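Subject: Handover of a protein structure

Dear colleague,

Please find below the structure that I am handing over to you. My findings follow directly after it, and I would be grateful if you could read them with the structure open.

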Amino acid sequence: MALPKIDTPMYSCKLPSDDKQTVTYRPFLVKEEKILLTAMEGAKDLKGEEFQRVVRDTILNIISNCTDGKIDGNKLPAFDVDYLFLNIRAKSRGEQIEPSFTCNQEGKDGNLCGNIDKYPIRIDEIKIDFPDKDYSKIMVKDDIGIQLKYLSTEEVKVHDGEADPIEKMFKIIVDSIDYVFDAENVYKGKETAKPELVKFVESLSESTFDEIKEFFGNLPTLRHKVDYRCTKCGHKEPVTLEGLEDFFGFA
């Protein structure tokens, strides 16, 4: 005799990058909790990009599971992945999280306070912070411009093995060119040879390159501001949480 089937509730949300796309998902089940716990144990001694890589791959795995394989997080930009995981996590473990803050205020005795407070935040208050203007269109000259795009997780992952941070940055910039245009034509990035795109980027002026860096410095990000107040010494300061690691300490 077969065991009874347990019905799992289904929820939906719209992706920040495309409010016309509705994603249906379910909460974590025990198998996803196992994936998280295994990943957390394996990543506890990792740092920097190596830690972020484990976090990303685990989140992508869970998104695929909880959307019944219908959503491939590799095809989404990072902020969509973060937002979707945030919503899945909310329906799985509750609508509130309590990130910890350590007070680093120096007292009159010269010692740091060191008090640790937990600050409750409702998940539905956490939003993707979009830039206040469009940085994606950059004019090189009066009749020549560049249209940049948000890379998918998969497109960024291609450059994980690049040891030189400068070289990695240039490769990501080249891959982020959606198209180049002039008064008469549009030259799609995917249809243009990489060496030609590299040569084009290297020929840009410093001021144009600064505008490109502005685009990358203003990518949409999961962000929330907290007016923190230490319960021990009373010190107050605004604290900005950014990215899944800040909100959940991974998960």
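Asp160 and Arg53 form a salt bridge, in which the closest N and O atoms are 3.4 Å apart. This pair joins distant parts of the chain, since 107 residues separate the two partners. Asp160 sits in the loop between α4 and α5 (165-175), whereas Arg53 belongs to helix α2 (residues 48-66). Asp160 has a relative accessible area of 18%, and because buried means under 20%, Asp160 counts as buried. Arg53, with a relative accessible area of 28%, is partly exposed. Please bear in mind that the model is a predicted one, and that every value in this message was computed from it.

Arg53, Arg56, Asp57, Lys157 and Asp160 are linked in a network of salt bridges. In total, the structure holds 15 salt bridges.

In one of them, the side chains of Lys75 and Glu154 meet at 2.8 Å, N to O. Here too the pair links distant parts of the chain, the residues being 79 apart. Lys75 is located in the loop between α2 and α3 (78-93), and Glu154 in helix α4. Glu154 is partly exposed, its relative accessible area being 34%.

The other salt bridge brings together the side chains of Lys213 and Asp210, at 3.5 Å from N to O. Both residues lie in helix α7 (residues 206-217), and because they are 3 residues apart there, about one helical turn separates them. Lys213 counts as partly exposed at 40% relative accessibility, and Asp210 likewise counts as partly exposed, at 35%.

Helix α7 also contains Thr208. Is Thr208 buried or exposed? Thr208 has a relative accessible area of 2% and is therefore buried. Apart from neighbours within four places in sequence, Thr208 is in contact with Ile138, Met139 and Val140. Thr208 and Tyr83 are 125 residues apart in sequence, and their C-alpha atoms are 31 Å apart in space.

His224 counts as buried because its relative accessibility is 15%. Which residues does His224 touch, not counting those up to four places away in sequence? They are Ile121, Glu125, Ile126, Val239, Thr240, Leu241 and Phe247.

Two features concern residues with more open surroundings in their accessibility values. Asp68 has a positive phi of about 55°, although this residue is not a glycine. Asp68 is placed in the loop between α2 and α3, the loop that also holds Lys75. With 62% relative accessibility, Asp68 counts as exposed.

The other feature is a nonpolar surface patch of about 250 Å², made by Phe130, Tyr150 and Leu219. Tyr150 is found in the loop between β9 (144-148) and α4 (153-157). At 34% relative accessibility, Tyr150 counts as partly exposed.

The protein chain has 8 helices and 13 strands. Its C-alpha atoms fill a box of roughly 70 × 60 × 35 Å along the principal axes. Of the 251 residues in the protein chain, 38% are buried. Among contacts between residues at least 6 apart in sequence, 62% join residues at least 24 apart. The accessible surface of the protein chain comes to about 15,400 Å², and carbon and sulfur atoms account for 49% of this area.

With kind regards

Definitions and conventions
Residues numbered from 1 in each chain as written. Predicted model: local features only at pLDDT ≥ 70, side-chain atom pairs only at ≥ 80, totals over all residues. Heavy atoms only, no water. Helix = DSSP H or I, 4+ residues; strand = E, 2+ residues; numbered from the N terminus. Buried < 20%, exposed > 50% of the residue type's maximum accessible area, 1.4 Å probe, protein only. Contact = heavy atoms within 4.5 Å. Areas by Shrake-Rupley, 256 points an atom, 1.4 Å probe, with all protein chains shown as cover. Patch = residues over 30% accessible without salt bridge, like charges linked within 9 Å, V, L, I, M, F, W, Y side chains within 5 Å. Salt bridge = Lys/Arg side-chain N within 4 Å of Asp/Glu carboxyl O.
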